[in-house]
Amino acid sequence: MAVVKKDKVKAKQLSKTRKQLRRQQKRGKLKRHVIDDLAEIEYKRKTPGINKARNAEEDWIDDREHKFAEEDDEDNLLPLDMLDADIDWENSAFAGKHRRMLKKRKEEEQEDNDEMRQFPTVKKDEGLKDMLPIKTSDGRVIARKGEVEIFSDDEKDADEGMETDIASAEAKPEKQDEFAGLSAIEMIAKRKQILESTKQEISNASLKLLSNPQEHIYRLRDLFNLSSGQDQHQVVKDNVMRLATVSLTQVFIDVIPGYHIRPPTEEEMNQKMKKDTKKLLEFEQTLLRYYLKFLQHLEKHALKLIAKDRKQFDEKSIDVKMSSLSVKCLGRLLNGASHFNYATNIVECLVRICVSSFTPAVEDSCIALKQMFQEDYIFKMSLHGAKTIAKTVNEKTSSVSPLLIKTLLSLNIKEVQKNDEKSKIPDLNKKRFALAKERKSKSANKYKKQLQKLENDLKEAEASESMSTKLKYATDTMNHVFMTYFRVLKRMPTASLLDPVLEGLSKFAHLLNVEFFTDIVVCLEDLIDQKHLRVTDSIHCVHTVFVILSGEGQALNIDPFRFYQTMYRLLCTLPFQKKEDQDRQTELVIKTLDRMLNFRRKQISLLRVAAFVKRILAVGFMLNARCHLALLAAIRTYFVAHPRLSSLIDDESEVITNGIFRPEMEDPDCSNALSTTIIPELKRLQKHPEKLIGQFALNILKNLPSTGHGQLNGQYTSIRPWNWFDEERQTWVQKPDVVHFEKEINAFVGRKKELNSNTYQGVIQKWISSAL
């Protein structure tokens with residue numbers, strides 16, 4: 001009685017819960033996935049009754065058929081009263097036929113009981129299994145069958161416990177006939193309907209995976225099948241593949257754990273596990289298996305872009321669209337799960353794509369690699385990326401995209417390991433073991449203090465060990481980077497490839513090993529004499545040399561006069577460069593001059609510094625306001641580093657020189673710059689429309705006063721000259737891109753002679769004199 005009462009209470013509670021859920025559903029308070037789960041539960045609850053009624057109907061039909069067949073057979077037999085009494089009925093032919101008929105009927109009934117019940121008019125096929133039917137919106141019931149998957153032993157262990165009744169696609173003949181006999185409008189509507197239902201299917205599978213990955217990990221199979229286009233009609237296959245690929249990429253980024261999954265050993269698989277441990281192991285192995293399949297799927301499509309027989313690609317073609325999408329997905333997976341398995345394989349694939357002739361794919365790959373270098377502070381992935389790039393450059397004999405070399409500029413390496421230090425951890429562990437043996441002979445407080453000190457030393461040593469590992473990665477990474485740069489320089493590539501190499505040498509020159517200093521300086525000397533070299537590349541060469549000479553290279557016996565002469569000549573070419581390149585070139589020139597004139601102030605003569613100051617002032621008149629202001633800020637730092645430059649702003653100079661100033665000379669030491677003054681240039685700049693330029697000119701003219709008339713705001717003096725190109729400081733200049741003196745100088749030159757880099761400074765000197 002107690003059991004019956006308990007069942008009644010349970011049934012009552014279930015009924016009450018159903019009513020409450022229906023009421024909330026009508027009010028629209030239930031979420032979509034809850035409604036789907038309720039519908040699935042209701043369907044499962046009603047399924048036994050439906051099957052029972054269907055089975056009863058089929059049994060009734062079978063009984064009637066057998067009954068009619070029996071009556072027909074009995075009609076063919078003669079009545080017993082018409083038989084002769086002398087005939088042995090039991091042994092007659094009629095009785096044998098009756099017995100055989102009854103035996104056949106029993107065997108058929110036995111087979112019906114042993115075999116699984118099938119849908120009517122459907123024959124049993126090998127390799128297929130029956131699945132739940134689908135009822136369409138027009139009332140049709142579609143019978144479905146799914147393929148029986150054959151798993152290996154590892155896959156059986158990983159997929160154990162999964163649901164076997166996962167919904168699969170409809171039968172292929174049904175799909176192929178869906179569009180038969182439809183008009184164009186009906187076909188478009190049908191295609192839209194199928195796409196919407198597929199989007200909903202992808203959305204539901206992704207939502208369940210994100211809500212509970214361990215419970216719904218089998219949904220990865222559905223998404224992977226959709227991304228590979230299995231059992232999809234040709235009309236919607238391409239769109240479904242792209243949608244599923246993008247969704248599965250984001251699902252993997254969100255579901256992947258924050259650690260590297262190690263495959264279990266055979267011993268670990270044979271030992272007993274807890275239920276939660278086994279469930280976690282199944283989840284990890286299933287995730288890893290489908291992640292590998294998905295990466296192989298993306299790689300197959302992405303590598304179509306580097307086919308040798310295709311030099312031109314149609315961006316509108318379906319294959320190219322899918323390949324481009326695969327490249328973007330690989331980049332997202334690399335930066336979203338760089339710690340996870342197969343990250344190094346993704347790097348290798350993206351580097352291979354960078355040799356493609358399809359520019360958008362190369363740009364997407366380089367953006368992904370650049371982001372990886374920027375966000376990697378352990379330098380483990382950076383090491384693998386630099387190694388792969390160096391290998392590709394060597395194999396392709398430097399015939400690679402400049403964008404690939406330019407990605408190395410995003411490395412965050414600031415220092416490298418100069419010498420190998422031995423680890424202190426083994427010695428500290430020995431001391432701890434020795435201290436434990438002597439514990440009995442020591443007091444408790446003394447032992448505690450010594451042990452605490454030893455533990456602190458051990459923690460410090462472990463932290464130092466971690467730092468040394470990071471520095472080791474950084475050192476190996478830079479070795480591969482410099483190897484790449486040297487290979488490119490040795491093969492004398494095109495100007496487009498030389499630009500990122502020289503820029504990289506300029507940025508990382510302070511990380512070079514001392515053994516390579518002499519070789520790289522000699523190489524740059526030979527390179528700078530080439531006529532085809534661009535201005536930007538020449539400035540990079542000079543900057544690289546002075547970065548080397550301002551660090552450990554000070555001990556080298558190298559005379560940099562040739563590079564001073566080159567920079568002095570390049571200054572007059574800045575006004576004739578493209579407007580969009582002038583900001584970048586001026587910023588690089590200011591950084592280089594800072595190392596040439598300020599860092600080496602003890603090794604450089606005052607005459608040479610004065611020549612550079614005089615030429616920089618002349619160059620600024622034909623540059624925009626932002627570049628002009630940065631150059632004036634740089635000149636102010638030269639006056640701070642070389643106080644004797646005040647002779648350039650004195651009316652009566654104490655410096656005794658012979659001759660006159662010669663602006664056309666390309667040798668700064670022969671220009672005799674100390675025989676002139678910069679007062680006319682500064683007075684002309686005081687009338688500049690930009691107030692900041694006038695303030696800097698007045699401050700230099702008054703010999704950098706800190707108080708009184710001509711002083712500068714401390715906010716301006718604390719800014720380094722090259723930082724005036726930052727976006728936050730561009731708003732301080734009213735018209736940063738305007739060249740205010742361009743019209744006046746062009747008008748003056750139009751009446752005299754043509755203006756070029758050789759005659760530039762002399763023309764500017766005459767123009768200033770005429771203006772005064």
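**Rings and helices in a predicted model**

Me: What makes Arg595 a residue that lies over the face of Phe599?
Reply: Arg595 is placed at 5.0 Å from the ring centre of Phe599. A charge sits over a ring if NZ of Lys or CZ of Arg is within 6 Å of the ring centre and within 35 degrees of the ring normal. Arg595 therefore counts as lying over the face of Phe599. Lys293 likewise lies over the face of Tyr290, at 4.9 Å from the ring centre.

Me: How many aromatic pairs does a search of the whole structure find?
Reply: The search finds 15 aromatic pairs.

Me: Why is the pair of Tyr564 and Phe612 called edge-to-face?
Reply: The ring centres of Tyr564 and Phe612 are 6.4 Å apart and their planes stand at 65 degrees. Rings of Phe, Tyr and Trp (its six-membered ring) pair if their centres lie within 6.5 Å; planes under 30 degrees apart count as stacked, over 60 as edge-to-face and the rest as tilted. The pair is therefore edge-to-face. Tyr564 belongs to helix H21 and Phe612 to helix H23, 48 residues apart; helices are DSSP runs of H or I with at least four residues, numbered from the N terminus.

Me: Why are H18 and H20 described as roughly parallel?
Reply: The axes of helix H18 (residues 495–508) and helix H20 (residues 535–549) come within 8 Å and cross at roughly 25 degrees. Axes are lines fitted to C-alpha atoms, for helices over the stretch in contact (heavy atoms within 4.5 Å), and angles run from 0 to 180 degrees between N-to-C directions. Angles under 35 degrees count as roughly parallel, over 145 as roughly antiparallel, 65 to 115 as roughly perpendicular and the rest as oblique. H18 and H20 are therefore roughly parallel to each other.

Note on methods. Residues are numbered from 1 along each chain as its sequence is written. This is a predicted model: local features need pLDDT of at least 70, side-chain atom pairs count only at pLDDT 80 or more; totals for chains, interfaces and linings use all residues. Side-chain values use heavy atoms; hydrogens and water are left out. Helices (H or I, at least four residues) and strands (E, at least two) are DSSP runs, numbered from the N terminus.
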